[in-house]
Amino acid sequence: MTSEVRRRLTPPERYRLGASVRPLLVPGHDPCGRFRDDEFWLAVRTPEGAAALCLARSGGELLATGFGPGAAWVADRADAIAGLRDDLTGFPALARRHPVVARLARTFTGVRMPATGRVFPRLLRAILEQKVTGNEAHRSYRAICRRFGEPAPGPAGLVLPPDPAAVAACAYWEFHPLGVEQRRAQALLRAALVADRLERCADAAEATRRMTALPGIGPWTAAEVVRTAFGDPDAVSVGDFHIPNTVAYALAGEPRGTDERMLALLEPFRGHRGRVCDLLAMGGLMAPRYGPRMPVRSFARF
């Protein structure tokens with residue numbers, strides 16, 4: 001029988017469920033989660049077993065329902081996954097330091113940063129997103145979920161995120177038909193081997209140290225992970241192709257920026273630098289594009 005645990009949550013005024021939880025899903029179609037009709041579903045491998053979480057509006061509240069052996073764990077974590085543990089202390093004062101950030105903070109005041117408490121599912125996705133287009137990475141992610149997928153508890157028809165042990169048992173070349181070349185596949189295998197230790201990290205700083213100690217995982221990958229696994233509002237994706245240009249253009253009117261320039265412009269917002277980057281993305285602020293787009297390739301055909 002499938003366990004079911006329910007919990008009622010009280011979100012803050014003007015809270016936006018969809019915008020808050022959408023970073024947890026791969027764009028387009030995510031086999032492990034979905035947001036539809038103001039209802040969010042997420043499949044999770046918890047320390048207590050497989051689970052699925054449903055977050056649904058119920059009047060002015062959120063109804064959180066956990067399914068499966070890990071139902072109690074995921075229901076207890078539901079407020080963090082919804083972003084309701086996100087601490088904005090001090091951010092309104094920091095936002096007023098720049099008119100663009102102040103305007104975006106007001107516009108998206110109901111958006112909160114989620115914290116799933118699970119590292120490996122987001123690390124898998126971040127490794128796949130290294131040095132390729134989003135479409136390539138998301139196509140590989142969906143293929144890997146289909147390859148390793150197990151049905152998640154609950155009625156949503158989701159699959160659980162890949163089991164790290166099953167991933168670690170593979171050879172790197174088994175990921176080639178899934179669109180992943182040797183370099184990223186080996187980084188993924190190394191991460192899968194130490195997934196248990198990564199899941200036991202107490203905070204974003206410890207997780208970042210452990211992840212970046214692995215070959216093939218740098219500051220960009222670690223920041224992408226801790227921003228959603230721990231809800232770290234200060235995590236900046238250093239080494240990103242677009243973000244330095246976006247920050248330079250939005251905050252200084254400069255069409256191009258380096259990582260160093262980006263960090264200098266974000267310094268007044270220390271403690272919430274990652275949040276500022278997210279606000280710029282939500283606001284659709286982008287630097288001018290001068291060159292051709294990177295082509296979408298298929299490593300499975302190489």
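Helix α12, residues 219-229, is mostly covered, with 10 of its 11 residues buried. The structure described here is a predicted model. The buried residues of α12 are Trp220, Thr221, Ala222, Ala223, Glu224, Val225, Val226, Arg227, Thr228 and Ala229. These buried residues pack against α6, α11 (204-212) and α15. After α12 comes Gly231, which has a positive phi near 65 degrees.

Helix α5, residues 99-107, also has buried residues, namely Val100, Val101, Ala102, Leu104 and Ala105. The elements that cover them include α4 (91-95), α13 (243-252) and α15 (273-282).

Helix α6 spans residues 120-128 and helix α7 spans residues 134-148; the two pack at an angle of about 135 degrees, and their axes are 8 Å apart. The two helices are therefore oblique to each other. The crossing of α6 past α7 is right-handed. On the α6 side the contact is made by Leu124, Arg125 and Leu128, and on the α7 side by Ala137, Ser140, Tyr141 and Ile144. Sorted by class, this contact has 5 nonpolar, 1 polar and 1 charged residues.

Salt bridges were then searched for. Side chains of opposite charge can pair when their charged atoms come close. In the whole structure, 19 salt bridges are found. One of the pairs is Arg7 with Asp79, whose closest N and O atoms are 3.5 Å apart. This pair links distant parts of the chain: Arg7 belongs to strand β1 and Asp79 to helix α3 (residues 78-81), and the two are 72 residues apart. Arg7 has a relative accessible area of 29% and so is partly exposed. Asp79 has a relative accessible area of 14%, which means that Asp79 is buried.

A further salt bridge joins Arg122 and Glu129, with 3.7 Å between the closest N and O atoms. The relative accessible area of Arg122 is 11%, so Arg122 is buried. Glu129 is likewise buried, because its relative accessible area is 14%. Both residues belong to a network of salt bridges that links Arg122, Arg125, Glu129, Glu224, Arg227 and Asp278. Arg125 of this network is also one of the α6 residues that meet α7. Glu224 and Arg227, also in the network, are among the buried residues of α12.

Glu181 and Arg183 form another salt bridge through their side chains, at 3.7 Å from N to O. Glu181 counts as buried because its relative accessibility is 18%. Arg183 has a relative accessibility of 41% and therefore counts as partly exposed.

Positive phi values were also found in residues other than glycine. Arg14 is one of them, with phi near 65 degrees. Arg14 is placed in the loop between β1 (4-9) and α1 (17-21). With a relative accessibility of 54%, Arg14 lies over the 50% cut-off and so counts as exposed. Asp38 is another such residue, with phi near 60 degrees. Its place is in the loop between β2 (33-36) and β3 (39-46). Asp38 counts as partly exposed because its relative accessibility is 39%.

Key: Residues numbered from 1 in each chain as written. Predicted model: local features only at pLDDT ≥ 70, side-chain atom pairs only at ≥ 80, totals over all residues. Heavy atoms only, no water. Axes fitted to C-alpha atoms, helices over the stretch in contact; angles between N-to-C directions. Helix = DSSP H or I, 4+ residues; strand = E, 2+ residues; numbered from the N terminus. Parallel < 35°, antiparallel > 145°, perpendicular 65-115°, else oblique. Left-handed = near helix turned anticlockwise from the far one by under 90°. Contact = heavy atoms within 4.5 Å. Nonpolar A, V, L, I, M, F, W, Y, C, P; charged D, E, K, R; others polar. Buried < 20%, exposed > 50% of the residue type's maximum accessible area, 1.4 Å probe, protein only. Salt bridge = Lys/Arg side-chain N within 4 Å of Asp/Glu carboxyl O.
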